[in-house]
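Visitor: I have a model open and would like to talk through how its parts pack. Could you take me through it?

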Amino acid sequence: MANSLLLKNIGTLVSGNIERPLIDADAVWIEDGLIRRVGFLKDMDEKTAQTVIDCAGTTVTPGLIDSHVHPVLMDFSPRQKQTDFLESEVHGGVTTAISAGEVHLPGRPTDPAGVKALAILAAKSFAKFRPGGMKVIGGAVILEKGLVEKDFEEMAREGVKVVGEIGLGSIKAPEDAAPMVQWARRNGMTVMMHTGGTSIPGSSTVTAEHVLKAAPDVVSHLNGGPTAVSMEEVVKLITQTSMALEMVHCGNPKVAVEAAELIVKHKALHRVIIGNDAPSGTGVVPLGVLRVMNLLAGLSPITPEQALCMATGNTARIYKLNRGLVAEGREADLVVMDAPLGS
């Protein structure tokens, strides 16, 4: 018999779908970790559910997805000597984190064999290791000179799903990056590209023109990581591409707000995703995804429910994940949340 769970008496149900952020429903039926039914309690047989959670009028949303973390292995970052930072994010409603590259590994290999080995090791390790229950998409390969198409085929077979921020490795020029982007995409990988000023020693400044020529899937930290491109370049990336536009906590908040206004104006809400970009020199902020949502909903025309969809369904779609939406057949990575006391 299926392991069943019923969430009932939901006050507000956020779908994760930016086109229809709110669902008129008060119950969600889950079986074996998948959402099987979304609707009203009166139409469900509560007595047959093995577990029932009374949400008592609170809000239920998809689990938040941090689109930009820099783990190494386990739940540890040598750069900040930070432990359990991923588990701490779970307390902020984050149920999935996506690696933008295990770049902080001391002595990180930069030859093709080492690059592949690190990406495959991290991908396989995080496929089994769930800090605090969080799902981690690890093993984002950092592009280095010498990689060939067969390397991407091998990595994809072994579970590597993401190309980390282009610009963190020796592949910096668009003409060198573009073929690798195509190899990665042919093998089902999602490709990120660093955007803005340098972040760590050895990284490079990446302009809007670099991004346009390389044509990745994700404009990493449109608002800077931590230094943003100019607003003129932000306009180009919003109006001249269809790429995902990432907003991060460890960036420039003023640029985030101004970019959000432009994104609303140009009807590009479906392209925005939200991440932390940590651990980094900026530090580690476990509630960083919530803080970016707060910033966008508080100081731009973006509504709270739209911000929630940016941090859930939008990211899941870009990274081909079967979660991030409250819909039948999706993984039941859900958060029950309420307004803070005193708000």
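**Helix packing and local geometry**

Guide: The crossing of H6 and H7 is right-handed, where right-handed means that the near helix is turned clockwise from the far one by less than a right angle, and left-handed that it is turned anticlockwise. This is a predicted model, in which local features need pLDDT of at least 70 and side-chain atom pairs count only at pLDDT 80 or more, while totals for chains, interfaces and linings use all residues. Residues are numbered from 1 along each chain as its sequence is written, and side-chain values use heavy atoms, with hydrogens and water left out.

Visitor: At what angle do the axes of H6 and H7 cross?

Guide: Helix H6 (residues 231–239) and helix H7 (residues 253–265) cross at roughly 35°, and their axes come within 10 Å. Helices (H or I, at least four residues) and strands (E, at least two) are DSSP runs numbered from the N terminus, and axes are lines fitted to C-alpha atoms, for helices over the stretch in contact, with angles from 0 to 180 degrees between N-to-C directions.

Visitor: Which residues of H6 and H7 make the contact?

Guide: Met231, Val234, Val235 and Ile238 of H6 meet Val255, Glu258, Ala259, Leu262 and Ile263 of H7, contact meaning heavy atoms within 4.5 Å. By class, the contact of H6 with H7 has eight nonpolar residues, no polar ones and one charged; Ala, Val, Leu, Ile, Met, Phe, Trp, Tyr, Cys and Pro count as nonpolar, Asp, Glu, Lys and Arg as charged, and the others, Gly among them, as polar.

Visitor: And how far apart are the axes of H2 and H3?

Guide: The axes of helix H2 (residues 112–128) and helix H3 (residues 149–157) are 10 Å apart, at an angle of about 20°. H2 is therefore roughly parallel to H3, a label for angles under 35 degrees. The crossing of H2 and H3 is right-handed, and the contact joins Pro112, Lys116, Ala119 and Ile120 in H2 to Asp151, Glu154 and Met155 in H3. That contact of H2 with H3 divides into four nonpolar, no polar and three charged residues.

Visitor: Switching topic, how many disulfides does the structure hold?

Guide: The structure holds zero disulfides, a disulfide being a pair of cysteine sulfur atoms within 2.5 Å. For Cys55, the nearest cysteine sulfur belongs to Cys309 and is 18 Å away.

Visitor: Is Cys55 buried or exposed?

Guide: Cys55 has a relative accessible area of 3%, so it counts as buried; buried means under 20% relative accessible area, exposed over 50%, and partly exposed in between (1.4 Å probe, protein chains only).

Visitor: What is phi for Asp84?

Guide: Asp84, which is not a glycine, has a positive phi of about 60°. Asp84 sits in the loop between strand E10 (82–83) and helix H1 (85–90), and is partly exposed at 39% relative accessible area.

Visitor: Last one: what does Glu144 touch?

Guide: Not counting residues up to four places away in sequence, Glu144 touches Arg108, Thr110, Val115, Gly169, Ser170, Ile171 and Met180. Glu144 is buried, with a relative accessible area of 3%.

Terms used:
Angles under 35 degrees count as roughly parallel, over 145 as roughly antiparallel, 65 to 115 as roughly perpendicular and the rest as oblique.
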